[in-house]
Amino acid sequence: MSNGLRIGIAVCVIVFAIIGLMYRGVQIASQEVVMVSDILGNPSYYAKARSGMRLGARVSDKVIEYRNEPSIGFKFSVHDPLDISRDILVDYSGVKPNTFAIGRDVLLEGSFDGNVFHATVLLTQCPSKYRASSDESPL
Amino acid sequence: MNIYVSIDAGHVALVLSCLLSLYASFAGCIAGFFGNKVFLHSARNALLVASLSLAIAFVFLSASFLFNLYKYSYVWQTSSNDLAWFYRLSAVWGGMDGSMLCWCFILSVAIACVVSSKRFLLESEFIWFTCFGGITLSFSNIITLLFASPFRLMAGEFVPVEGKGLNPILQHPAMLLHPPLLYAGYAALSVPYLYCISALISGDFSTKWVNASRVWGLCACGFLSAGIFLGAYWSYIELGWGGIWAWDPVENSSLLPLLSCLAFIHTGRIYSSIGSFKRLTVIWGCLPYILAVFGMYITRSGIVQSLHAFGQSEIGEVLFIHFIILITIFIISLFYRWNKLKSDVLWDKWRSVEWIFFILSFVIAALLVVILVGTIMPILSKLMLSSVHVVGAKYYNLVTTPFFIVLIALFAFLPIVNLRKWRVGVWLSHIGFVIIAIFVAISCIYKSSHEFELSIGARKEIGVYVLKLENVTNLKRNGHDALVANVSVMSKDNELIDILTPELRIYRVYPDRDEITSEIAIHTSLLADLYVAVAGVEVTGRNMTDAGNVVGVRNGDFEKVIFRVYLTPYQIWVWIGGVMFVVGVVFVCLTPKLYRFQKLSGTVEL
């Protein structure tokens, strides 16, 4: 067997190993990106979903309730950025992030039980991206 | 009044730079296809004046921030009267418009540095460098001028007396330098790309342009790594989540060019020393800048969801066209010269150093692929499936770990196999890289997080430490209210080790919005960081987890404080490794030997 062939076989084995590694990584860490309208449009499907979900939404002013028992957490409602007519209730276990506020865009990771989205991760978008949608005037 | 007139010149300067860079592209093309020296010289001069114009535009924008000229919408949105002068300057790149102008300016400086020099390039290479330099600068100028101009006026020509202010968490010393350092890195990466393309088109396979572009690659590596480490430090200190890296698309976009630049620096060394790795060097020379522009596209177009993204905007489409043009020019040029890019030394004659550099290239390529696939997973899944999927940190931790282990081994091994030739800077940067990789892995694996409430006088055991909440005070300071928790850090034997004062700050942002930030407190030792953040408070008679409502509460009324605490082992070693890496790269960049290029016969006379 020539050296070239040996190297070719070695490279193929490594490439297949990398593909396998990526496949396994995607299997354990993949999350479907959903919006409020997706969940409300097909709640039974998302209630049965096995893999986790990432919900991108905007915090609405309808519900914000804090609790300290049995663990620190709070409930709040979110809606799609472009459709404020329909809200979904989110239950988050953990301390409120400093940058969390009504009207702020958030990313939530968790699962849906048919009524409430149970979030295990709550991330608010970085303020460096903040930019008014138009040249708003303070007048 | 004079200031107003002169500031408007910023917009004029931006327009002028745009026109001049377009002209330089056109004149460079004419010079390239017809060998016309008059057009070459005018293209070069146009690029130099375009750079000067952008410098003027940048200075005017900075001046408009210093003088609080809120007639500009961008200044009004990102600055305020009470900001310190240095934060007003950093507000220049605090939003998308100013950051695009900053990027254009630094890119033009990099291109101008090369075209103003008489050395390093053959005349044919110089022509194509000028042409493609003009094209690259034109795209950045067009995007800034048409889609993200910071010189747009307020609607109705109204001039407010106060701005909305820079977000409090961006008011940090690290943010003074983090963005411009990254832009400087990306701009420096454009030079190896332009060198490679120019050399391919003109058929120059000598080592001179490789040496020159390696210097730019090293500078880019220094700027990018310094920018990334400052960003990571800011994230750790300012965001209150106790982490330094979240595998966010924006973060990955800065890591991919840095990794590929590292590959270029190493393969380029083999090319310049024995004439091997020519194809690899050209590929690695072009990829970092292509990846930098691709990163800008995916983060600024909104196509990939990010915590940092600058939101969906029109510039994504133009950036995508720019990316396609860059990659098309690269692929066509590479295939055009593929057969002539043969190595002078056959691979079965390689020494151990060449093999190590080859494996290094392979490992970095594999890292790029797995990180890139994760970053663009939403796009891939949308194309292949009916739904959009993302992958989180679990994916990256799993798929990158084997490659980082090999990289650690290679970076540790390289100085040993080639001991005599290595300089202090190379040693420092290699050891720094190994320290970073090892201690990032250890701190991630063994980091523990704790969220709990403490009443005044109560204690909590965290690892080998005991925390005791002594008292809470509500302070009114210039520009913000602060809730300060006095926390004693003790050993289990009740021996006082440190007193920490983590704060919650409530900034009143113009006109009526509150921004809450955590000022975290850290007890640092060589073994671990005890990272303490105040997450909320409870006041007697009220359940007040929302810390924004503490303004005006009397000091004696605080009942409990909610803390978020992280115990991170060996965190300080990550920063030590980072400093060693950056200082090492700076040392290498300052090595006089790097700049001893012989002037080429037939170089262009300007």
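Visitor: Hi! In what order do the elements of chain A run from the N terminus on?

Guide: Hello! This is a predicted model, and in it chain A runs α-β-α-α-β-β-β-β-β. That comes to three helices and six strands.

Visitor: And what secondary structure does chain B have?

Guide: Chain B has 16 helices and 11 strands.

Visitor: Which share of the contacts joins residues 24 or more positions apart?

Guide: Taking contacts with a separation of 6 or more, that share is 73% in chain B and 45% in chain A.

Visitor: Switching to charges. How many salt bridges turn up over all chains?

Guide: A search of the whole structure gives 13. One of them pairs Glu109(A) with Arg54(A), at 3.1 Å from N to O. Glu109(A) sits in strand E5 (residues 105-112) and Arg54(A) in strand E2 (residues 53-67), so this pair ties together parts of chain A that are 55 residues apart in sequence.

Visitor: Are those two buried or exposed?

Guide: Both Glu109(A) and Arg54(A) are buried.

Visitor: OK, and what does Asp8(B) pair with?

Guide: Asp8(B) forms a salt bridge with Lys71(B), and their closest N and O atoms are 3.2 Å apart. Asp8(B) belongs to helix H1 (residues 2-34) of chain B, while Lys71(B) is in the loop between helix H2 (37-66) and helix H3 (73-78), 63 residues apart.

Visitor: Why does Asp8(B) count as partly exposed, and why does Lys71(B) count as buried?

Guide: Asp8(B) has 34% relative accessibility, so it falls between the 20% and 50% cut-offs. Lys71(B) has 10%, which is under 20% and therefore buried.

Visitor: Which residues are linked in a network of salt bridges?

Guide: Arg477(B), Glu503(B), Arg505(B) and Glu519(B) are. Within that group, the side chains of Glu503(B) and Arg505(B) meet at 2.9 Å, N to O. Glu503(B) is buried at 9% relative accessibility, and Arg505(B) is buried at 18%.

Visitor: Now the greasy bits. How many residues does the largest nonpolar core have?

Guide: It has 153 residues, and those with the most contacts inside it include Trp103(B), Tyr186(B) and Tyr395(B). Helix H7 (residues 173-202) of chain B gives the most to this core, with 17 residues. Apart from it lies another core of 25 residues, among them Tyr465(B), Val487(B), Leu500(B) and Leu504(B).

Visitor: Which residues does Tyr395(B) touch?

Guide: Leaving out residues up to four places away in sequence, Tyr395(B) touches Met22(A), Gly25(A), Val26(A) and Ala29(A) in chain A, and Val370(B), Val373(B) and Gly374(B) in chain B.

Visitor: Last one: at what angle do H5(B) and H6(B) pack?

Guide: Helix H5 (residues 96-115) and helix H6 (residues 123-147) of chain B pack at about 170 degrees, with their axes 9 Å apart. H5(B) and H6(B) are therefore roughly antiparallel to each other. The contact includes Trp103(B) and Leu107(B) from H5(B), and Phe126(B) and Phe129(B) from H6(B). Trp103(B) is also among the residues with the most contacts inside the largest nonpolar core.

Notes: Residues are numbered from 1 along each chain as its sequence is written. Chains are lettered from A and ligands numbered from 1 in the order in which they are written. This is a predicted model: local features need pLDDT of at least 70, side-chain atom pairs count only at pLDDT 80 or more; totals for chains, interfaces and linings use all residues. Side-chain values use heavy atoms; hydrogens and water are left out. Helices (H or I, at least four residues) and strands (E, at least two) are DSSP runs, numbered from the N terminus. Contact means heavy atoms within 4.5 Å. A salt bridge is a side-chain nitrogen of Lys or Arg within 4 Å of a carboxyl oxygen of Asp or Glu. Buried means under 20% relative accessible area, exposed over 50%, partly exposed in between (1.4 Å probe, protein chains only). A nonpolar core is a set of buried Ala, Val, Leu, Ile, Met, Phe, Trp, Tyr and Cys residues joined through side-chain atoms within 4.5 Å. Axes are lines fitted to C-alpha atoms, for helices over the stretch in contact, and angles run from 0 to 180 degrees between N-to-C directions. Angles under 35 degrees count as roughly parallel, over 145 as roughly antiparallel, 65 to 115 as roughly perpendicular and the rest as oblique.
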